[in-house]
Amino acid sequence: LVGVLTPRLGTIALCIIFLNSSIILCLPEKLLVVTVATKETDGFRRFMRSAKHFNYTVKVLGRGQKWNGGDYMSAPGGGQKVRLLKAALEKMKTQDKIILFIDSYDVIFTSGPEELLKKFQQARHKVVFSSESLIWPDRHLEDKHPHVREGNRFLGSGGFVGYLPNIKEMVADWTGEDNDSDQLFFTKIYIDPAKRKAINITLDSKCRLFQNLHGALDEVVLKFEDRRVRARNLLYDTLPVIIHGNGPTKLQINYLGNYIPNTWTFENGCTLCHEELRPLTALKESEYPLVVIGIFIQQPTPFVTVFFERLLKLQYPKNRLKLFIYNQETHHERQVSSFLKDHGSLYQDVKFIGPEEEMDGVASRNLGFDMCRKDKDCEYFFSLDIEVVLKNENTLKILIEQNLQVFLSFATGRLWSNFWGALSVDGYYARSEDYVDIVQGRRVGVWNVPYVSSVYLVKADLLRSELTEYELFNSHILDPDMAYCHNIRSKGIFMYVTNMHTFGRILSTENYQTGHLHNDLWQIFENPVDWQDRYIHENYTYIMKDKLIETPCPDVYWFPLFSDVASNHIVEEMEHYGKWSGGGNVDNRIQGGYENVPTVDIHMNQINFEKEWHKMLLEYIAPITEKMYPGYYTKAQFDLAFVVRYKPDEQPSLRPHHDASTFTINIALNQVGLDYQGGGCRFLRYDCSIEAPRKGWALMHPGRLTHYHEGLPTTAGVRYIAVSFVDP
């Protein structure tokens, strides 16, 4: 081993040459990473995590100082960095030190000091700058840049590495202001042939050391290695050591940071998701963080009653919750007032703003944030739009324990979700490469994203320190959520989404009708999962698994179908409509105008429910029909579907008859013994009766020829059944 003499200095440098090979090894302990960070942003913390991961030694300049370097993301600036660097270098005396000077808010290490030093030595220059394909800030200097055989031609000031004496010499002449352009300063040194030669500067033209993303987004892809992730430059087939989201590429560096260096890998999944957590399990209920839950109702929305039922089940001490409820819709006043009347006193405090106050949605969100901001006890604001289906009762605990500043609670599992993986050039939706994998759960973790909506948790300290502007949701061109997210991004604050738990989903509010008594009944197309949760019997799914079907009479099958809520809503909807038939043979509602076996009833098409009823038959009846009558397949077509009302003084029973259908569905909509006495169905040929029909259960039997039957007398109260005559 021999030390390499640096001719300019006559001292032993840090690199070692193996005489029997061409390998040059540099000692990592001689490398010092220097960066400027006047405050600890999310980006700075990410930078430091990556540096720690690879055991870099980092010296941070400017901590706690005011930033006077301008907004150099969109305009020239950054001179303050050069001033701070110059002052720091003057105090350093170790001549063989190698200095890596880089930005930190938008930078990630992808590999360690050994690789960086090896590539630096292979460059065979004393100072190596990052390179760019775009010239900035003065395009008139383009012709003065040296030509390169291959690679980027222009200097990027966001990263350079070199020997301490050479860098000292390079910044010695800095006398500029803090808001002067550091890029222009270094560019002028580089394009001056004498200075370039004296300091011995070159560019990392093929991005072996530094990858600036601006102007190169199409060149950079993720490269998944064994238990780690790199960024690969496709144009030059290189693996840069440092990735810099310079200029307008902050969202792209955030995306890459979800993976690099080993934030998420195929082998280990999310490697940082369980770090720096805030566990709540050891706390007494009185010690739980106080949370203001903001609930926003801005359009007619299905299943609002269910929303409040789920809110009530949230596993969090209610005396540590304050509610801020904004309701813009008179249509939902009944549900909100009912919840507050029955349960409002459980919470530490409730502030309610109704339609009569004529506050718009933007103002309500600003006010909700400010309510938490000004409350010294508030630690979190949990924003919930009314269309959020919060299935996981531990959602709030899980989000708080994750301990992030702005945290979105879930990806929905559908392509339409409550976050965006990327933004277009004009700030609207764009699909990231991993978006589908995230929402469908093929990649599970915590993801830095550029846009959140509908449901998210915000730390109150953030509202008091960084997000101090009252009108966070205001914009002349953007909708409130987009304006809010834009304001967060502009301050360098990260937003996250997690899909590590199943939290819930987002309702569709399109095509929501408000002209019925129970409008949710019509949601089987727009929100089928929520419709099933609300209206299908809780034991229905066991039918196929456990044969939860009874056979009370030959070829008569009995199984649970509707929930109590569904049964009640159908009855109430029919009574609300109120136009019951007279039970006579003449019936202009049917083809031919004559009913051989008339009942007192209302047809589904009279309340415009026939499409929804057909969908129900197709989804929930047809599979059972095909199971119980092997070889028979149906599209659940029907000529008649109706609700029958039996009353002792109106029509108590129905004479023996055959149904004009392939099979018949008969669903009990209320409870014998509680709502009425008597009733039931008797199959005469088999002398078999079902005299105690269960509410929500369906009888299914052949209609023609074989199953001659009658409706047994209702002796007291009112009995309701839903009947469908179904054909192939």
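Reader: Which side chain does E150 meet in a salt bridge?

Author: K206. The N to O distance is 3.1 Å. Keep in mind that this is a predicted model.

Reader: Where do E150 and K206 lie?

Author: E150 is in the loop between β8 (127–132) and β9 (154–163). K206 is in the loop between β10 (201–204) and β11 (210–212). The two are 56 residues apart in sequence, so the pair ties those parts together.

Reader: How many salt bridges in the whole structure?

Author: The search finds 38.

Reader: What does E225 pair with?

Author: R228. Their closest N and O atoms are 3.8 Å apart. E225 is partly exposed at 22% relative accessibility. R228 is partly exposed too, with a relative accessible area of 25%.

Reader: And R589, what's its partner?

Author: D601, at 2.5 Å from N to O. This pair links distant parts of the chain, 12 residues apart. R589 sits in the loop between α17 (564–577) and β33 (601–603), and D601 is in strand β33 itself.

Reader: Which residues are joined into one salt-bridge network?

Author: R310, K391, R505, D530 and D533. They are joined by salt bridges that share partners.

Reader: Switching to E329. What is the nearest side chain of opposite charge?

Author: R365, and that is 12 Å away. E329 is buried yet has no salt bridge.

Reader: Where is E329, and what is it in contact with?

Author: E329 is in the loop between β18 (321–327) and α9 (333–343). Setting aside neighbours within four places in sequence, its contacts are I297, Q298, Q299, P300 and P355.

Reader: Now the largest nonpolar core. How many residues?

Author: It has 90 residues. I293, F308 and F382 have the most contacts inside it. Strand β17 (residues 290–297) gives the largest share, 7 residues.

Reader: What is I293 in contact with?

Author: Beyond neighbours within four places in sequence, I293 is in contact with L311, L314, L321, K322, L323, F324, F382 and L384. F382 is also one of the residues with the most contacts inside the core.

Reader: What's in the second core?

Author: It is separate and has 48 residues. Y535, I549, F559 and M616 are among them.

Reader: Helices next. Why is α5 largely enclosed?

Author: Because 7 of the 9 residues of α5 (residues 182–190) are buried. Those are D182, Q183, F185, F186, T187, I189 and Y190.

Reader: What covers the buried residues of α5?

Author: The cover includes α2 (79–90), β8, β9, α4 (164–171), α6 (193–199) and β10.

Reader: Which residues are buried in α7?

Author: In α7 (residues 250–257), I253, N254, Y255, L256 and G257 are buried. Their cover includes α1 (42–53), β7 (107–109), β12 (220–225), β14 (242–244) and β26 (446–449).

Reader: Cavities: how many of 30 Å³ or more?

Author: The count comes to 7.

Reader: What lines the largest cavity?

Author: W558, N666, I667, A668, G680, C681, I690, P693, W697, L699 and R719. Two elements give two or more residues to that lining, β36 (663–668) and β40 (697–702). β36 gives the most, with 3 residues.

Reader: And the second largest pocket, what volume?

Author: About 870 Å³. It is lined by 45 residues, and the closest to its centre are E595, V597, L640, F642 and F725.

Reader: Which element gives the largest share of that pocket's lining?

Author: β34, with 7 residues. Elements that each supply at least two include β33, β34 (637–646), β35 (654–657), β36, β41 (709–711) and β43 (719–727).

Definitions and conventions. Residues numbered from 1 in each chain as written. Predicted model: local features only at pLDDT ≥ 70, side-chain atom pairs only at ≥ 80, totals over all residues. Heavy atoms only, no water. Core = buried A, V, L, I, M, F, W, Y, C linked by side-chain atoms within 4.5 Å. Buried < 20%, exposed > 50% of the residue type's maximum accessible area, 1.4 Å probe, protein only. Helix = DSSP H or I, 4+ residues; strand = E, 2+ residues; numbered from the N terminus. Contact = heavy atoms within 4.5 Å. Salt bridge = Lys/Arg side-chain N within 4 Å of Asp/Glu carboxyl O. Lys, Arg positive; Asp, Glu negative; His and termini not counted. 1 Å grid on protein atoms, 1.4 Å probe; cavity = no way out; pocket = protein on both sides within 12 Å on 5 of 7 lines; lining within 4 Å. Points joined across faces, edges and corners; volume = space filled by probe spheres on them.
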